[in-house]
Structures are given as C-alpha cells and as structure tokens.
Amino acid sequence: MTAPEQNLITASELTAADLQQTLGYLFDHQLDFADLYFQSSVHESWVLEDGLVKDGSFNIERGVGVRAISGEKTGFAYADTISAAALKQAATAARGIAAQGQSGSVKAFSKSSNSNIYLPCEPLQSLTNTDKVALLHQIEAYIRTLDNRAEQVMVSISGVYEEILVAATDGTYASDIRPLVRLNCSVLLQQGDRRERGNAGGGGRTDYSYFYELVDGTPRWQHYAREAIRQAQVNLTAIDAPAGTMPVVLGSGWPGVLLHEAVGHGLEGDFNRKGSSTFSGRIGEQVASKLCTIVDDGTLAHRRGSLNIDDEGVPSQHNVLIENGILKGYIQDKHNAMLMGVAPTGNGRRESFANLPMPRMTNTYMLAGQSDPAEIIASVKKGIYAPNFGGGQVDITSGKFVFSASEAYLIENGKITAPIKGATLIGMGPEAMQQVSMVGNDLALDAGVGVCGKQGQSVPVGVGQPTLKLDAITVGGTQH
Amino acid sequence: MQVTQPTIWQEIDEVKQAVAEVLAHAKQLGASTAEASMSRTKGLSVETRHGEVETVEFNQDGGLGISLYFGQRKGSASTADLSPQALRRTVEAAADIARYTSEDPHAGLADASWLEMSPPDLDLFYPDSISTDEAIALCASSEEAAFATDKRITNSEGASFSTHQGLKVYGNSHGQLVGYPSSRHSFSCVVIGEDGDDMQRDYSFTVARQYSQLLDPKQIGREAALETVARLNARKIATQKVPVIFRADIASSLFGHLVSAISGGSIYRKSSFLVDKVGQQIMAPGITIVEQPHLKQALASSPFDGEGVKTHDLAVIEQGVLTTYLTTTYSARKLGMASTGHAGGIHNWLVSHGDEDLLQLCRSMGKGLLVTELMGQGVNTVTGDYSRGAAGFWVENGEIQFPVSEVTIAGNLKDMLMNISAVGNDVDRRGGVLTGSVLISQMQVAGS
C-alpha cells in the first residue's frame with residue numbers, strides 16, 4: 001500500500017472497494033466519466049524581516065473532490081473532510097448534472113507504479129525548526145556583508161508536503177507524493193533619495209537540503225542572496241526605458257515567461273475545444289519562426305513544474321507543442337482530450353481538491369539553437385537586452401500578451417550599455433513568435449519560482465529558453 | 001428580515017463556541033495572548049456555454065486561522081479542515097512555531113480600546129436561494145441576448161452565475177468574540193466576436209449582496225456583446241505622449257496602487273514612493289477620497305477588520321492631500337500610530353467626481369487614448385514606475401474614432417496622481433473603490 005493510500009483512504013476508514021462503489025453510484029446516472037480526487041497537504045513558511053523571524057505559519061488542507069462528466073457537462077462537489085458520509089454527499093451533488101439513465105460499468109482499478117521524477121521526501125522534516133530559523137539569519141547576515149546600502153532585507157523559506165490519490169471510472173487508481181520547497185531573498189537598497197528592490201530565489205520538488213548544495217563552490221542560497229543584491233544594484237543606476245517598437249534580446253532562463261504567455265496558454269485544450277484561442281484549428285500551420293521548437297515537459301527531475309502523474313493520474317510527458325515553427329499539438333486534460341478525440345497529455349492539473357482540473361502547463365521551454373549569445377547581442381544596432389522579468393499576462397483570444405522586464409539594458413551598436421528601468425513588453429503571440437530571428441545555444445531553465453494563475457487557480461510551473469532575439473516588439477518605456 | 005435569519009445566527013453562535021475553544025486551547029498551551037478567526041461559506045456556481053450547462057459546482061468552504069503569542073513571539077497556523085482534531089492540531093502547530101520565532105517588540109494583539117465589541121448590522125446578508133435550473137436559465141438567456149445583439153458575435157466562453165453565503169467570526173484573548181453573516185451573488189457573460197481574421201473577447205458582469213439587485217442577465221449579455229464588437233479591428237497607434245482616460249471599470253486599479261503605496265507595511269519597509277508624505281499634496285487638489293466601511297449592503301462594507309479593530313469613516317485624501325497611512329496593528333506600532341482598521345484591506349472608497357459623463361470627458365480630452373483594458377503587473381510601488389499593456393479607443397476631436405490594442409502606457413504614479421485633471425460621474429459600484437472614469441493629462445503611449 002502506498003503512503004497516500006494509507007493516509008487518505010485507509011486512515012479515513014475507506015477501502016478501494018468503497019471508491020469503486022462510489023464511482024458505480026455516480027455511474028448509475030448516465031455519465032461518460034467520473035473521478036474522485038483525495039488530497040492532503042501541509043504547508044509551512046518562515047519569514048525573516050528586520051533581523052527578526054517575525055512569524056511562521058503552518059497550513060493544513062485535506063479533502064476530496066468528486067467530478068461527474070456527461071458530454072460537455074461537468075458536475076462538481078467537494079468535502080473538506082474525508083469520510084464515507086462526506087464522499088456520498090459530494091457524489092450525490094455532483095451526479096445531479098446528468099439525468100437518470102442506464103448504468104455504465106466502472107473499470108476495475110489498474111494500479112501503476114510511479115516514475116521517480118522526484119522522490120517522496122518530507123521537506124518540512126528535512127531541517128529542524130531551529131535550523132530553518134538559523135538559515136534565515138545566516139542569509140540575512142550574508143546579504144548585509146554584500147552591500148552596506150541594504151535598507152531592508154526579507155528572507156523566506158517555505159515547504160509543502162502533499163499526498164494525492166485519484167480514482168476514476170476509466171480504471172485509474174494512482175497516487176503521488178509531491179514535495180515542494182522555495183527560498184526567496186528580497187533586498188531594498190537606498191542611495192541618497194533613491195530606493196530600489198532586488199528579488200531572487202528558487203526551489204523545486206525536493207527538500208531543504210537543496211539550498212545548501214554547492215553550486216560553483218558556494219551554497220545555493222548564497223547565489224540567491226548575491227543575485228538579489230545584484231539586481232537592486234543594477235536598478236539603482238537604471239535610466240528611463242525607451243518607448244516604441246524595437247529589437248529586443250531576451251536572456252536565457254526565466255525570460256521563457258515569453259513562451260508561457262505568447263504560446264503556452266493559447267495551446268491549452270479547453271480554449272481550443274471551445275475555439276476561443278488565437279491558435280484554434282491551426283495544427284500543422286507555421287505559428288512561429290522556423291528557429292522555434294517549444295515543448296512542455298513535466299518529466300524534468302525535481303523541477304518546480306514537474307509531476308510524476310498529473311491530477312487525473314496520467315503520467316507526465318515530454319510534449320512537443322511547436323516544432324521548427326509548426327504547431328504540433330495542444331496540452332490536454334482528460335475531459336477536453338475526450339471531447340476533441342485525442343489522447344490526454346498529462347496536463348490535467350488543479351489547485352486543490354476544491355477546484356476542477358483544467359489543461360495547465362508544467363515546464364514550458366524552447367530548445368537551444370545555434371547562435372552564440374554574444375553574437376546575438378552584437379547583431380543589434382539599437383534595442384534592448386532583458387535578462388530578467390516579473391510576471392506576464394495573455395488574452396488568448398486576441399493573442400495579445402504582455403510581460404514585464406525587471407532588469408534590462410540598452411543595446412547600442414552591438415554593445416550592452418546603460419541599465420534601464422523595468423518596462424512592459426507587449427505583442428501578439430503568433431506574430432511575436434514569427435519575429436524570433438536568432439536563438440542561442442545556451443538553453444537554461446528558471447530557478448524554480450513560477451506560479452501560473454488561470455481562472456482563479458494557482459499551480460507551480462517552470463519556464464526556460466536560450467537567449468533569443470525578437471526583431472521587433474513594443475517596449476513600454478517613457479522615453480521617446 | 002428573512003426566515004433563514006435565525007439559522008445563520010445559530011450557526012454563528014456555534015462557530016463562536018468553536019473559536020472560544022480554540023482560544024482556550026491556546027491558553028492551555030501557555031500562550032499569553034491569542035486571536036483566531038473562522039469562516040464558512042457555501043454556494044453554487046453554474047456556467048453555461050451556447051445555452052448548455054458546462055459546469056455545476058457546489059462550494060462549501062471553511063477555514064480557521066490562529067495567531068498566538070508567547071510574550072512577544074508569534075506563531076500562526078491555519079486549516080481548511082474544521083474537525084475538532086484538525087482544530088487542535090492547528091493550535092498546536094501555531095504554538096510550536098512560536099517557540100522558534102524571534103522576540104518582536106511590536107508583535108501582539110490590537111489594543112483593547114481599538115476593538116469593535118458590538119458590531120453594527122450592515123445589512124450584508126441576503127441568502128436568496130436560487131435553484132440550479134433557474135441559474136441555468138438565467139445564464140442561457142444572457143448568452144442568447146449576446147448572440148442576438150450583433151451577428152459578429154460568433155462564439156461564447158460562457159455565462160456564469162454564482163451565489164455564495166457565509167459567515168465570519170473573530171475572537172481574541174481580550175474577550176472579544178464577534179461575527180457577522182454576508183452574501184454575494186454575481187453574474188457574468190463572456191463572448192467572442194469575429195470579423196475577418198480578427199477575433200476578440202470581452203465580458204460584462206454584475207455583482208450584489210442581494211440577488212434582486214443584480215442587473216438583468218440579458219442586459220449583461222448585450223453589454224458583453226457590445227464591448228466585444230467594439231474591439232474588433234483594433235489598430236496600434238504611433239508612439240506619442242497624450243492624455244489618457246482610464247474608464248471607470250479599470251480606474252479602480254489606479255487607486256489600488258495608491259492603497260499599496262500608503263499601506264503601513266509598505267511605509268515602514270520604506271518600500272513605497274509615498275514614504276513621509278502624510279500632510280502633503282500627492283494628488284490633484286480637486287480629489288478627495290473618503291472611506292465608508294459601514295455603507296449598508298455595499299460590497300466592501302465590514303463592521304471590523306481582520307484583527308477585530310473597529311472600522312470607521314475616514315477621509316484618506318482631502319483636496320489632494322494625504323491624511324493618513326492605512327495600518328494594521330503591527331504596522332501601526334512600527335509607525336507609532338493607532339491601527340486604522342485595515343487588516344485585510346480597504347472598505348468602500350468613494351472617489352470625488354465632477355459632473356461630466358464619459359462622453360463629456362472624451363470631449364474635454366479632445367485628443368488622446370481612452371483605456372478600457374490593462375494588462376500585466378508592470379507597477380513598481382517602491383519607485384512609482386508604471387508601465388502596463390493597454391487596449392481601448394483613440395479619441396480625436398472629442399469623439400471615439402477607432403479601437404486600439406497592443407500598446408503600452410507608461411509614467412510614474414507620482415506624476416499620474418498629480419495629473420488627474422477630472423473624474424467622471426460614471427461611478428462603477430461593483431468593487432471596493434467607487435470611482436468614475438479618470439482623465440490624466442499626459443502619459444507616454446508606446447505603439448508602432
């Protein structure tokens with residue numbers, strides 16, 4: 001028996017046979033599909049500010065979601081305790097979606113063994129509370145040695161231990177243990193009247209020992225600390241950003257948020273089933289320059305966006321979305337895949353038992369190209385270089401997307417010159433992707449801080465890309 | 001008022017009992033002080049698409065949050081599982097954390113004198129019960145009205161109705177134990193329009209405490225359709241400096257940035273462009289903003305804040321002068337003030353306005369950009385730097401000429417707030433900031 005089976009089912013005085021029976025009860029009504037999603041999670045965070053660990057928090061969630069599907073219709077109910085009575089009550093509410101009809105037959109559960117994209121560790125127990133607090137103090141002390149202009153330092157760590165189990169009428173019976181940790185450093189530097197903030201951090205599906213691992217000879221947390229300081233220092237000397245349409249070179253790694261917004265959301269199966277995306281009905285068409293091959297891959301070891309199985313029990317996959325500029329496929333959950341007559345792609349995700357699953361990205365990135373990053377910069381006469389971004393947003397129907405640079409520089413005559421203030425970049429997905437004229441050989445993934453929001457549900461994701469050049473995109477600065 | 005009224009008050013009494021037990025448990029564990037809040041909501045959400053049901057969701061959520069103190073050390077924990085065992089475990093988790101946090105001289109509960117011991121009834125609870133079938137029919141009628149409005153409406157992202165009712169209880173070791181019920185009903189419709197290669201989507205919505213106060217779903221459908229077709233064949237405009245109008249429905253975001261910048265947390269962290277500005281002119285002299293937390297049936301009304309502190313009328317901006325920061329107990333102590341009752345956010349901001357409607361504002365502007373949509377998070381509260389994606393309409397000779405998209409608007413919030421030259425009388429009442437459209441005399445637009 002797996003730990004989730006023990007903790008979610010057996011400990012709730014339920015058995016696999018009870019789940020079979022509940023699914024059978026749902027299937028009494030004429031349904032195409034039904035599933036039960038059991039989840040339990042504990043989340044902690046510790047925050048240091050002004051040299052004090054002012055607060056820590058601990059959150060417990062546990063419950064079951066019941067979904068019943070008939071054609072395009074979905075009935076959904078959930079309970080925030082796991083018991084036979086709660087399960088029955090939720091099932092009764094959810095199945096109301098379909099009229100009484102003939103009974104279907106629930107497939108026998110087939111248990112599959114999980115892949116080990118990440119290991120079932122318990123991050124909260126991987127460090128004593130004393131050591132968590134000591135780590136925060138150590139990081140702050142280190143940051144203050146880096147720049148005496150540090151006016152404000154905030155450091156936080158958080159850890160999640162989550163167990164899920166999903167049982168469905170198609171015979172799915174799968175479980176997963178999902179650890180997740182994150183560390184963040186935020187620094188405010190002051191010089192004269194000017195104040196600027198720098199942020200950096202990272203994490204993944206592992207435990208807190210990740211932050212102590214040596215990277216180029218120093219512990220990983222020191223890299224975050226130095227990066228936060230560096231970004232604040234750069235911004236202290238930034239001049240106003242230009243306004244208008246110009247060539248933009250995006251750095252490797254986190255600027256892959258471009259792909260998440262310009263491409264990824266528009267390829268989600270629900271929008272394409274409804275025909276509401278700018279990419280709808282365009283499989284096989286050239287939607288990006290030939291230099292672009294873009295994948296969504298939930299199988300990368302320990303990445304924040306990775307999953308052994310998705311929230312419908314489908315194993316994660318390496319899905320090619322765009323190959324040499326040609327649109328190859330959408331990302332799917334079971335419901336939309338069923339309605340579109342294709343296979344699910346392991347992208348059915350939900351924020352918790354209290355939300356319905358939807359097609360969502362995992363780790364979305366562009367494969368490396370041929371160009372030397374230095375050569376890409378050298379090719380720009382007048383433009384900007386943006387190696388760091390905040391968030392983004394997209395309107396999947398018109399394809400218009402934005403993402404905001406948090407660190408950027410002017411490029412003048414092939415050379416990076418002055419740092420400029422953050423500015424929002426705006427474009428139209430397929431048009432912007434056609435503007436990709438050079439792709440670097442330096443593919444990098446982000447450090448593990450991404451959160452994607454869709455219809456009010458947040459899930460952890462990853463992005464990545466090599467350095468790349470967009471020949472023309474609109475830059476929302478203030479100087480013209 | 002309603003026959004259901006006794007039931008909800010009985011439920012509030014039960015929850016008060018649970019909160020009292022949680023606080024007693026904290027005391028047993030050695031906590032010197034503690035506060036806890038518990039909420040419960042239940043509801044129904046229905047969505048249709050092309051008149052057919054897409055989803056029916058039954059919501060039932062609950063949560064408990066506790067903070068406790070061993071002297072000046074704080075620990076917090078929360079749970080969505082309200083079983084007695086889970087509540088006990090949550091209190092123990094908070095106590096465990098408080099053993100490791102630092103002594104913080106500013107930590108602690110609100111002063112007893114700040115607390116609301118007998119909250120006024122703000123008339124926020126209208127648990128009108130709408131059946132699933134009624135909700136489906138409403139959604140379908142809205143979509144139908146949208147399709148009938150214009151033949152360029154070719155697709156629907158769906159119409160949705162949601163109704164929720166719930167309660168909130170707060171208690172602390174000062175002996176405060178208060179609670180109130182509330183309800184919220186909303187309806188929205190999102191449709192897609194096409195013209196040639198161009199495809200656009202837009203929406204409209206209505207929200208109220210009382211079901212009968214919602215606008216007609218058919219009207220919402222028509223509005224969604226009109227908003228959508230108006231955006232078709234939008235153009236980019238040239239990069240230039242022009243006046244900009246933020247239409248009422250998105251103008252509230254401007255005041256949202258102001259809220260962040262004057263919140264006590266941003267101020268004591270020096271993470272705001274408005275540090276040390278109380279008593280100074282930060283907005284155009286014509287602007288006054290009054291907060292009225294006790295407006296009957298209003299969406300952001302609340303008799304007390306997240307820490308049990310009394311809420312009361314407050315002039316936040318008087319003739320453009322900032323009169324106060326917005327504080328919680330902690331940020332107030334850091335700043336040497338009393339709490340202004342803003343743990344959990346603001347309560348009904350009323351922005352003063354002139355007597356021009358949106359069309360008259362366009363005429364006053366003459367030539368510029370009317371913004372109806374903003375995208376992205378390009379706002380830096382530390383510096384005030386502002387750069388966001390925008391869509392809307394080009395205005396020339398005081399009249400709307402054509403739709404605009406794929407541009408950005410940029411500036412600095414310090415200047416933007418000072419450069420508000422008019423606020424329209426087209427007040428949007430669907431959120432916590434009640435404002436009309438806002439005319440800013442100049443911003444940088446980036447386009448082609």
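**Labels and their cut-offs**

Mentor: Let's start with A:Leu367, A:Leu443 and A:Leu445, a nonpolar surface patch with about 200 Å² of accessible area together. By the way, this is a predicted model, where local features need pLDDT of at least 70, side-chain atom pairs count only at pLDDT 80 or more, and totals for chains, interfaces and linings use all residues. Residues are numbered from 1 along each chain as its sequence is written, chains are lettered from A and ligands numbered from 1 in the order written, and side-chain values use heavy atoms, without hydrogens and water.

Trainee: Why does A:Leu367 count as partly exposed?

Mentor: Buried means under 20% relative accessible area, exposed over 50%, and partly exposed in between (1.4 Å probe, protein chains only). A:Leu367 has 32%, so partly exposed is the label.

Trainee: How do you know that the length of helix α3 of chain B agrees with what it should span?

Mentor: The expected span is 1.5 Å times one less than the number of residues. For the 18 residues of α3 (132-149) of chain B that gives 26 Å, and the end C-alpha atoms are 26 Å apart, so the two agree.

Trainee: Which residues of α3(B) are buried?

Mentor: Among them are B:Ala135, B:Ile136 and B:Leu138. The buried residues of α3(B) pack against elements of chain B including β1 (33-49) and α4 (217-231), where contact means heavy atoms within 4.5 Å.

Trainee: What makes B:Arg231 and A:Asp395 a salt bridge?

Mentor: The rule wants a side-chain nitrogen of Lys or Arg within 4 Å of a carboxyl oxygen of Asp or Glu. Here the closest N and O atoms are 4.0 Å apart. Between chain B and chain A the count is 10 salt bridges.

Note on methods: Patches are made of residues with over 30% relative accessible area and no salt bridge: like charges are joined within 9 Å, nonpolar side chains (Val, Leu, Ile, Met, Phe, Trp, Tyr) within 5 Å. Accessible areas come from the Shrake-Rupley method with a 1.4 Å probe; for residues, only the protein chains shown count as cover. Helices (H or I, at least four residues) and strands (E, at least two) are DSSP runs, numbered from the N terminus.
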